Structures are given as C-alpha cells and as structure tokens.
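Here's a quick briefing to read with the model open beside you. Take it one topic at a time and find each residue on screen as you go.

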Amino acid sequence: MFTIDKILRENIKNIKPYSSARDEYTGTEGIFLDANENPIGSVVGEKYNRYPDPLQRKIKDKLSVLKSVNPAQIFLGNGSDEGIDLLFRAFCRPGIDNIIIMPPTYGMYQVCADINDVEIRSVNLTDDYHLKVDEILKAVDENTKAIFVCSPNNPTGNSFVRADIKRLLTEFEGIVVVDEAYIDFSNEESFVSELVNFPNLLVLQTFSKAWGMAALRIGMAFASEEIIKVFNRIKYPYNVNEATQQLTLEALDLVDKKNTMVANILSERSVLQNAFEQMKTVKKVYPSDANFLLIKIEKAHQLYNFLVENLIIVRDRSKVVLCDDCLRITIGTKDENKELLAIIKNFN
Ligand SMILES: *Cc1c(COP(=O)(O)O)cnc(C)c1O
C-alpha cells in the first residue's frame, strides 16, 4: 500500500521550511514594515514593490472551480518543470533511488534525474507507442520512487490507454506522475478526476501550451494534500512572481479565448495531417492528441536542414529511440503551415 511516509526522504520529513514575512502575517491590512521592501513604490510601476503571495491563493481558488479539485490539492510553480524537480528532491535519494521512464518521451525527466544523481530505468514503448505495463512493473524494485507517464506523450503525440495507466497506479506503490501538458488538445478525460481514487497520483498541467503563456512560466501540479504540503515546504518561498500571478488570474476569466485558440489549432492539425498523408515521401503520420504531429519521412535529417535554410524550424527527432526518420512539427498558424507545406514540396 502507498503511504507518503514510506517514500519521503528522511531529511525532507524533518525539514523546517524557510518562513517568509508573508507566511507569518497573512492579513492584507496594515503598515507593512516586515519584509524590507521599498515602501514608496517601484521604478517600473506601483504594483511590484511588495513580495507576492507565496501560496498564490487567489489563483488556486479560481483554478479549483475550473478543475473541480480542492485548492489544497493544487501546487503552482515556475513551469510544470518545477513540479518535476520538486518530486525528485522530495522523494529520491541521490545515488540510491531510481525512477522509470518510457522512451521516447519528454527529456526533462532524464535531466532532473541526472542532476539529482537518480538512476533512470527505461522501458521503451511498444513499436506503436503504447505502454508495456508488465515490463514496467517488472523494472520496479524497493528503491523505485516514481514512474513518469506523459499522456498525451511528447514526442509521439498519442495518449496512452487509460486502463494501462490505472494498472500502474494500482500495482505500483510509489508515485505515478501523469504529465498532461497537452491535455487541452485531447478528447481524453484528465486524470485529475482520479485523484479521489489514487493517493499516489500526481498530475502535471501547464499554462505554457494551450493557454499561450509559455513566457510567463507557470505550471500546475495536482495531487493529494499530503504531497502538495511537501512541495510547499521545500519550494522557493516566492516561486511564482507577481506579474505572472496577476496575468494568470486574468487568464482564468478567459477560458473561452483559450478554447477558441485550441479549436483553431485542432482544425489546422487536421489540415496538416491530411496534407502530409498525401505526400509520397511521408511514410507515416502518427495520430496526435497534441498541438504537434510526429511524421516519419524520407531523409528526415536532410529535410530538417533544408527547412532551417528556409527559416522554418521543426524538431529533428530522427536520432531518438523508436523515432527513426521522424520530425516533430508544432502546428503553426494557417499561413505558417501553408508555407511549411510549400517548402517541403520543394525538397527532394
Ligand atoms: C512543454 C511540456 C511541459 C511544460 O513545461 P513548462 O515548464 O510548464 O513550460 C511539460 N511536460 C511536457 C511533456 C511538455 O512537452
């Protein structure tokens, strides 16, 4: 059975978090002489002289309605990458513990594991990009702390079978991370609704993709209150800056605008998909639940260079395991996609 005490690092269990001025007095009224801020103002505007809310309470209150989850089960960070990093620091003992990834997948899991000196166990996807659940579970030992499931997966674009992910959640006694960076582009239901069933589930989402806020650096993690409490204890005190907090609050009133952009991108995705399927040089267009397409194409690496010469930059994935001859192409605007197709047709 999963219990957080069984997998938390000893040093983290006993840690005394930095207590900021804004943690010790949380009222909004008063004369604030507690944080060594500039009382007069800011050189760039009035609003930025005070430290921001360390727990981003207003955003969490709004987000909890949108996502149907308790605010105490939400963590906000400097991109969802912060959630990945905190998971390693909270649960993985350097030089002892390990995590499991299923390549080809998002590169940050490996980078964070390497930084933290945590062993990576790789169980490749099947040839058609599905989870080998039995093999993943076989790779688990007593020091396996987390399994990273990216669904929809980057760079393959597909979502994994829901029952496969649930089997991992049921049979593995560590944390199952479900990275849903691309969930807004998918028809699959988010795993956030499964938090009530699985205390070992951690769902990652981001404002960087569908919401169009990559430059502001804000990401979400949803998990049990216990896990979120641990993240809050070890994060940097003011990890989401005030400008980002204000803009995120505004964004949460503009869900329709996000949905309209998503619909536009999805319609462009099918335009591109159809066009690629007509091309003789394209050997395969993989089904996508995301805002990109993975295509297998003749002379992929040469085509990548040709596109760069024409100032179109895509992602060359042709050297990645199970992605021979593959390019990952983000869906652009209608005009950008037209230009892309025209230039690919000139290549041979
Ligand atoms: C883009 C992406 C992220 C998002 O990272 P942020 O730090 O929130 O910008 C996370 N996971 C995957 C799989 C991604 O492709």
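Let's start with Thr 156, which counts as buried because its relative accessibility is 1%; buried means under 20% relative accessible area, exposed means over 50%, and partly exposed is in between (1.4 Å probe, protein chains only). Keep in mind that this is a predicted model, where local features need pLDDT of at least 70, side-chain atom pairs count only at pLDDT 80 or more, and totals for chains, interfaces and linings use all residues. Residues are numbered from 1 along each chain as its sequence is written, and side-chain values use heavy atoms, with hydrogens and water left out.

**Around Thr 156**

- You'll find Thr 156 in the loop between strand E4 (144-150) and helix H8 (162-171). Helices (H or I, at least four residues) and strands (E, at least two) are DSSP runs, numbered from the N terminus.
- Leaving aside residues up to four places away in sequence, Thr 156 touches Pro 104, Tyr 129, Tyr 286, Pro 287, Phe 292 and Leu 294. A contact here means heavy atoms within 4.5 Å.
- The Thr 156 side chain has a polar contact of 3.0 Å with the side chain of Asn 153, and another of 2.5 Å with that of Asn 158. A polar contact is a pair of N or O atoms within 3.5 Å; within protein, one must be able to donate a hydrogen and the other to accept it, and residues adjacent in sequence count only if both atoms are side-chain atoms.
- Met 213 sits 57 residues from Thr 156 along the chain, and 23 Å separate their C-alpha atoms.

**The four-strand sheet**

- What is the order of the strands in the open sheet of four? The order is E8-E9-E11-E10, and the pairing is antiparallel.
- Why is one side of E8 and of E10 left without a neighbour in the sheet? Strand E8 (282-285) and E10 stand at the edges, so each has a single partner strand.
- Helix H11 (residues 255-278) packs on this sheet and touches E8, E9 and E11, with its direction at about 5 degrees to that of E9. Helix H12 (residues 300-309) packs on the sheet too, touching E9, E10 and E11, and its direction makes about 35 degrees with that of E11. For these angles, axes are lines fitted to C-alpha atoms, for helices over the stretch in contact, and angles run from 0 to 180 degrees between N-to-C directions.
- Strand E9 (residues 292-297) pairs with E11 over five bridges in the antiparallel sense; two strands pair if DSSP finds at least two bridges between them. Within this sheet, Lys 296 has Cys 326 of E11 as its bridge partner.
- Strand E10 (residues 315-316) also pairs with E11 in the antiparallel sense, over two bridges. Look for Asp 316 opposite Leu 327, and Arg 315 opposite Arg 328.
- Is strand E11 (residues 326-330) mostly covered or mostly exposed? E11 is mostly covered, with four of its five residues buried.

**The loop between E8 and E9**

- Ser 288 is in this loop, and it counts as buried because its relative accessibility is 11%.
- Not counting residues up to four places away in sequence, Ser 288 touches Gly 157, Arg 269 and Leu 293.

- E1 pairs with strand E7 (residues 219-222) in the antiparallel sense over four bridges, and Gly 77 stands opposite Gly 219 in E7.

**The ligand's surroundings**

- Of the 13 residues around the ligand, Ser 80, Tyr 182, Thr 206, Ser 208 and Lys 209 come nearest. A residue is near a molecule or strand if one of its heavy atoms lies within 4 Å of it.
- An oxygen atom of the ligand is 2.6 Å from an N or O atom in the Tyr 182 side chain. For Arg 217, an N or O atom in the side chain is 2.7 Å from a ligand oxygen atom.

**Lys 62 in helix H4**

- Lys 62 lies in helix H4 (residues 57-67) and counts as partly exposed because its relative accessibility is 31%.
- Although Asp 253 is 191 residues away from Lys 62 along the chain, their C-alpha atoms are separated by 8.8 Å.
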